[in-house]
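User: I'd like a close look at one part of this model, with its neighbours in the fold and a few details from elsewhere. Could you walk me through it in plain terms?

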Amino acid sequence: MNSIKLTLMTLGLTSVVCLNAQSTFNSSLPVKPGKGVTVAGTVECDGKPVAGVVVSDGYEVTKTDKKGAYYLKSAKQNPQVFITSPSGYEVYREDAVPEFWADFIQPSDKYERHDFRLKKIDNTKHATILITDVHLANQRNDVNIFANDYVDRIREEVKKYNERGIPVYTLNLGDASWDIYWYGHKFDISDFRKVLKDSNYPTAVYSCMGNHDNDAKTQPGENADFEASLPYQKVMGPRYYSQNIGGVHYVFLDNIHYINNVADNPTYYEIKNKRNYVEDFTPEQLAWLRKDLANVSYDTPVIVAMHGPMFRRKPYNYKPSWSHVADDIYIRTDNESTRELMSILKPYKNVHTVCGHSHNQCLIRLPENIQNLTEHNISGTCGSWWKTRATGLKNLCPDGTPAAFEVLTADGPEIKWEHRPFEYVPEKKFFAWDMNGVKEYFRNDAEIQAFLKMYPKWTDYSEVPENYVYVNLWEWDPDGTLTIMENGKELPVEIVNEENPIYTASYMVRNTIWLNLWNNAGYQTPRKYQLFRAKASTSDAPIEIKWKDYFGNETKSILNRPATFTLESLKD
């Protein structure tokens, strides 16, 4: 692939170029580029050279020498050079986005110099906040909610760690923007970064691309995936890279291969393309990753951030293109690059993948006889695209999970995690319903009954058997324990795959009945997710629900019965 000069004409978005030229840093340390070197520079801290820092252009990988200098014979196939910050250091930043990369400004055969600077920090203990699918588009009051309520909630979390001397970072797992509104609302990926700056976002933000972070005006063809990513790369940095924070090696990948075929019937503003894609990793990424991980010992924890999940529990729209891995875990049969990534990561003793895209909360732990890998699929920050909040409720995801973020904490090689809802107290871990109350609601609510006539494949919960209790457990882990008790007696708990009644009553009803959306093709197939249920022996005895997570933390709640089911309960 030839190098591409980044001009206003290439990008098509003037705000991108104006916003994000990286702050220029010129070191006084010398470099002596040899024959064939096209990129060189230094890495320093407080004016002194830092040796052993990994530097790459996404193809070639090198390290700084004892004088802090690096040299690359780069063909400049990607638009940037970047460093992998070493443990015990941070890169500088003027806003939330760290300055670990520099844009190429010379043709591929011309030499250029780019210097980097670091500052020391003890990040052996640190926390990372995981956010995903923010989907800012300047609609439904999304910018105001995120920049104020949600950033303030994150600020509260950061303060708790900073007061204990623990630095905090943020991983943004993609779909920060919403491609169909880049042009119609004049709100693109550069505006997301501006929102971070204007809200004084409290941590450094490392990002990876989502499918909606591509430029939807890009023409289809062999280079569509690369060209569609250029506005994102200009604003947020490389599509794939790595960083060391404390004793953890963080890798950021782009597993959205953008195709963007021409649409038969364009419907979105000036966009005439389908915005379609496949979820895989380009060979160039995986070749770079092998070189990157060559500098990482096998006992170092590795966290791999990407947008699309590698695995699914049996999905509600299950198709033969998914193949069984273990238990109820599935992987795309046609996605050989994911299997190759698994192979690359297999030697490492402690691997976590973190992702978004699905707008639901799901933890998948592969059996140890297959691989030491745990995947964290994080609830969307926007919930269901900010729609339930816009109708007067709180933001919910399609699985009924509240809009949320996750916090990973690292202490050397030890990694822990907790789920954090944006609009509920942190201690809240689940919703629980007396299904007798749900039965009455579904039987008597006129909007629910109208919805079920429109979409008869969805479950009519007015027909559920008597005296069931359902639980939507947000941070379920196969190695945790959910206990449901009635009158001191433990009830058998079963896992079911069903529609979430809260999601049906809030999102589905308000986006069909209220808008008169008859026979919407996208809503014909019910969205089924994992729920837990137990059969009580009475209709009025209180139910005690206890969740003990993987780390031994316990959460208890009492469901007093009989309990009515109302959407007002979502505000508690």
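Analyst: Happy to. Lys 125 belongs to strand β11, which covers residues 125-131. Strands (E, at least two residues) and helices (H or I, at least four) are DSSP runs, numbered from the N terminus. Before going further, please note that this is a predicted model, in which local features need pLDDT of at least 70 and side-chain atom pairs count only at pLDDT 80 or more, while totals for chains, interfaces and linings use all residues. Residues are numbered from 1 along each chain as its sequence is written, and side-chain values use heavy atoms, with hydrogens and water left out.

Back to β11. Its link to β25 (residues 404-411) is made of six bridges, and the two strands run antiparallel. Two strands count as paired if DSSP finds at least two bridges between them. β11 is also joined to β12 (residues 168-172), by five bridges and in the parallel sense. Here Thr 128 stands opposite Tyr 169. Six of the seven residues of β11 are buried, leaving the strand mostly covered; buried means under 20% relative accessible area, exposed over 50%, and partly exposed in between, with a 1.4 Å probe and protein chains only.

In the loop between β11 and α3 you will find Arg 140. Arg 140 is not a glycine, yet its phi is positive, near 55°. With a relative accessible area of 30%, Arg 140 is partly exposed.

Lys 76 sits in the loop between β5 (69-72) and β6 (80-84), and has a positive phi of about 55° although it is not a glycine. Lys 76 counts as buried, at 2% relative accessibility.

Next comes helix α5 (residues 189-198), where seven of the ten residues are buried, so the helix is largely enclosed by the rest of the structure. Among the buried residues of α5 are Ile 189, Phe 192 and Leu 196. Just after α5, Asn 200 takes a positive phi of about 55°.

There is also an open sheet of four strands, in the order β30-β29-β33-β34, with antiparallel pairing. β30 (489-490) and β34 (554-559) stand at its edges with a single partner strand each, so one side of each has no neighbour in the sheet. Two bridges pair β30 with β29 (residues 481-486) in the antiparallel sense, and Met 485 has Glu 490 in β30 as its bridge partner. In the segment after β34 lies Pro 562; the peptide bond from Arg 561 to Pro 562 is cis, with omega near 0°.
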